[in-house]
Amino acid sequence: MSLSLNQWTTRQWSLPEAVDGCARHGLEAIGLWREKVAESGLAQSVKLVRAAGLRVSSLCRGGFLTAGGLPGEEGRTAFARALEDNRRAIDEAAELSAACLVLVVGGLPGVKPGEPLPAAGFTRDLAGARERVAEALAELAPYAGERGVKLALEPLHPIYCPDRAVLSTLGQALELSLPYPEEQVGVIVDTFHVWWDPRLFEDVARAGSRIAGYQVCDYLHPLPEDVLLGRGMMGDGVIDFPPITAAVRAAGYTGDVEVEIFNADVWAADPDEVVATMKARYEQVVLA
């Protein structure tokens with residue numbers, strides 16, 4: 001396994017700056033975000049990454065597939081738009097030769113990430129939201145397979161179930177992936193999201209070659225007011241990394257290990273210092 005910089009960790013860097021930073025710090029891979037790719041343009045992004053000799057360990061992100069659970073025409077329109085956007089994301093991942101396209105599947109229909117609940121216009125139908133994800137996969141997996149792209153379902157910590165991901169455990173994500181060839185649909189193991197799960201090691205072993213990506217960062221305690229920013233540098237929180245890393249390796253994963261951190265202090269710091277710390281903590285904490 002080799003270390004990869006998920007570019008959201010150094011959010012203030014543009015894509016050209018992040019590519020240059022990876023090269024200067026001796027990294028072999030980068031995890032890209034669609035927003036950053038769009039800023040530079042897809043063709044230029046492909047050119048930059050290839051010229052630097054970097055692998056694209058993942059493209060973030062597709063998903064947000066659950067709005068189709070809204071009633072009537074609103075739901076049908078939202079579902080069609082989500083499928084259209086995800087097809088574009090698949091095409092982008094293919095152009096970038098990304099190892100996978102990460103899918104954050106979406107929360108309860110009508111609940112917007114990070115925003116207070118509306119007085120009306122959302123549904124509490126959690127089971128139905130998960131059914132919409134399954135329906136979307138049935139549409140998207142063959143499309144991805146035709147383009148050589150692996151869709152990677154990412155379960156998120158249960159605190160994000162209302163607004164970001166109705167998949168909360170690795171087991172749930174794995175079950176949704178099983179009807180499809182492993183080259184079409186896999187799963188992401190992100191330490192922040194799954195460290196707490198009592199079935200984690202069993203499900204990592206069961207996932208095996210369906211593990212499409214391994215992302216690491218720490219779970220801070222206490223969490224900040226904005227829980228989205230509760231990710232810390234490895235070693236700054238409560239996660240015991242070596243057993244998880246060992247389990248992912250034992251399952252047969254040999255891909256890149258992305259450091260993906262959402263944290264206001266990390267984002268405000270000198271990106272070069274962040275990458276230097278990231279490299280040191282990877283050796284001292286993740287692989288220890």
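Helices (H or I, at least four residues) and strands (E, at least two) are DSSP runs, numbered from the N terminus. The model shown here is predicted, so local features need pLDDT of at least 70 and side-chain atom pairs count only at pLDDT 80 or more, while totals for chains, interfaces and linings use all residues. Residues are numbered from 1 along each chain as its sequence is written, and side-chain values use heavy atoms, with hydrogens and water left out.

**View 1. Helix H8 and the glycine that follows.** Helix H8 covers residues 200–207, and its Leu200, Asp203, Val204 and Ala207 are buried (buried means under 20% relative accessible area, exposed over 50%, and partly exposed in between, with a 1.4 Å probe and protein chains only). These residues span an arc of only 105 degrees around the axis, so they lie on the same side of H8; the arc is that of the directions from the helix axis to the C-beta atoms. As a general point, an α-helix has 3.6 residues a turn, so residues three or four places apart point the same way. The buried residues of H8 pack against helix H6 (170–177), strand E6 (185–190), helix H7 (191–194), strand E7 (211–216) and helix H9 (241–250). After H8 comes Gly208, with a positive phi near 50 degrees.

**View 2. Asp203 close up.** Asp203 sits in helix H8 and counts as buried because its relative accessibility is 2%. Not counting residues up to four places away in sequence, Asp203 touches Leu170, Gly171, Leu174 and Asp197, where contact means heavy atoms within 4.5 Å.

View 3. How many of the eight residues of H6 are buried? Six of them are, and H6 is mostly covered. The buried residues are Leu170, Gly171, Ala173, Leu174, Leu176 and Ser177. They pack against H5, strand E5 (151–153), E6 and H8. In the loop between H6 and E6 you will find Gln184, which is buried because its relative accessible area is 15%. Leaving out residues up to four places away in sequence, Gln184 touches Ala141, Pro142, Gly145, Val149, Lys150 and Leu151.

**View 4. The nonpolar cores.** A nonpolar core is a set of buried Ala, Val, Leu, Ile, Met, Phe, Trp, Tyr and Cys residues joined through side-chain atoms within 4.5 Å. The largest one here has 82 residues, and those with the most contacts inside it are Leu32, Leu101, Leu153, Val204, Met234 and Met278. Helix H5 (residues 126–146) supplies the largest share of this core, eight residues. Apart from neighbours within four places in sequence, Leu153 has contacts that include Leu103, Val105, Leu137, Leu167 and Ile188. A second, separate core of 11 residues includes Trp8, Trp33, Cys100 and Ala152.

**View 5. Helices H1 and H3 side by side.** Helix H1 (residues 15–24) and helix H3 (residues 42–51) pack at an angle of about 10 degrees, with their axes 10 Å apart. Axes are lines fitted to C-alpha atoms, for helices over the stretch in contact, and angles run from 0 to 180 degrees between N-to-C directions. H1 is therefore roughly parallel to H3 (angles under 35 degrees count as roughly parallel, over 145 as roughly antiparallel, 65 to 115 as roughly perpendicular and the rest as oblique). Where they meet, Leu15, Pro16 and Val19 in H1 face Ser45, Leu48 and Val49 in H3.

**View 6. Asn86 in helix H4.** Asn86 belongs to helix H4 (residues 72–96). Is Asn86 buried or exposed? Asn86 is buried, as its relative accessible area is 1%. Setting aside neighbours within four places in sequence, Asn86 is in contact with Gly62, Gly63, Leu65, Leu101, Leu103 and Leu140. The C-alpha atoms of Asn86 and Leu103 are 8.9 Å apart, although 17 residues separate them along the chain.

**View 7. Backbone details.** A cis peptide bond, with omega about -5 degrees, joins Cys60 and Arg61; Arg61 is in strand E3 (residues 55–63). Another cis peptide bond joins His221 and Pro222, with omega about 0 degrees. Phe64, in the loop between E3 and H4, has a positive phi near 50 degrees in a residue other than glycine.
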